Amino acid sequence: MITYLYKSSCFSTPSFEEFKLFHNNSIKAFKNAKLHSINSPAIRWNNGNFEYFKDGLRHREDGPAAKWSNGKEEWFYKGIKIEADSLSEFKEAVASLPSKR
């Protein structure tokens with residue numbers, strides 16, 4: 001069963017303004033039909049994995065944008081994968097991007 005949560009009420013068809021999709025104990029947050037969440041992961045998978053998205057792109061500025069249950073972390077800035085092992089390495093790499101899009 002798929003449940004849509006929109007403005008604290010459940011509907012069978014969602015508005016694409018903002019909603020969360022609950023399916024098989026996983027949660028996906030959307031805004032304007034794109035994966036999006038500011039202060040929490042946009043996707044929380046039922047196996048413990050999580051992914052942050054902003055406007056449909058993997059993105060997080062204060063930690064890894066994806067963390068997998070095997071311990072692997074992936075860092076992204078506006079959809080660009082950044083090779084980093086720490087927040088300081090990530091911030092340094094982002095600062096050196098040509099235009100920060």
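I took a pocket, on a 1 Å grid over the protein atoms alone, as an open set of points where a 1.4 Å probe fits, with protein on both sides within 12 Å along at least five of seven lines; lining residues have an atom within 4 Å of a point. Grid points are joined across faces, edges and corners, and a volume is the space filled by probe spheres set on the points.

I worked on a predicted model, in which local features need pLDDT of at least 70 and side-chain atom pairs count only at pLDDT 80 or more, while totals for chains, interfaces and linings use all residues. Residues are numbered from 1 along each chain as its sequence is written, and side-chain values use heavy atoms, with hydrogens and water left out.

Second largest pocket. I found a volume of about 150 Å³. Of its 10 lining residues, Glu18, Lys20, Ala29, Phe30 and His36 are the closest to the centre. Strands (DSSP runs of E, at least two residues, numbered from the N terminus) β3 (18-23) and β4 (26-31) each give at least two residues to this lining. I sorted the lining into 5 nonpolar, 2 polar and 3 charged residues, counting Ala, Val, Leu, Ile, Met, Phe, Trp, Tyr, Cys and Pro as nonpolar, Asp, Glu, Lys and Arg as charged, and the others, Gly among them, as polar.

Largest pocket. I noted a volume of about 180 Å³. Its lining includes Tyr52, Phe53, His59 and Arg60, and by class holds 3 nonpolar, 3 polar and 4 charged residues.

Lysine 31. I placed this residue in β4. Lysine 31 has a relative accessible area of 35% and is therefore partly exposed (between buried, under 20%, and exposed, over 50%; 1.4 Å probe, protein chains only). I also looked up its C-alpha separation from phenylalanine 19, 12 residues apart along the chain, and got 6.6 Å.

Methods: Helix = DSSP H or I, 4+ residues; strand = E, 2+ residues; numbered from the N terminus.
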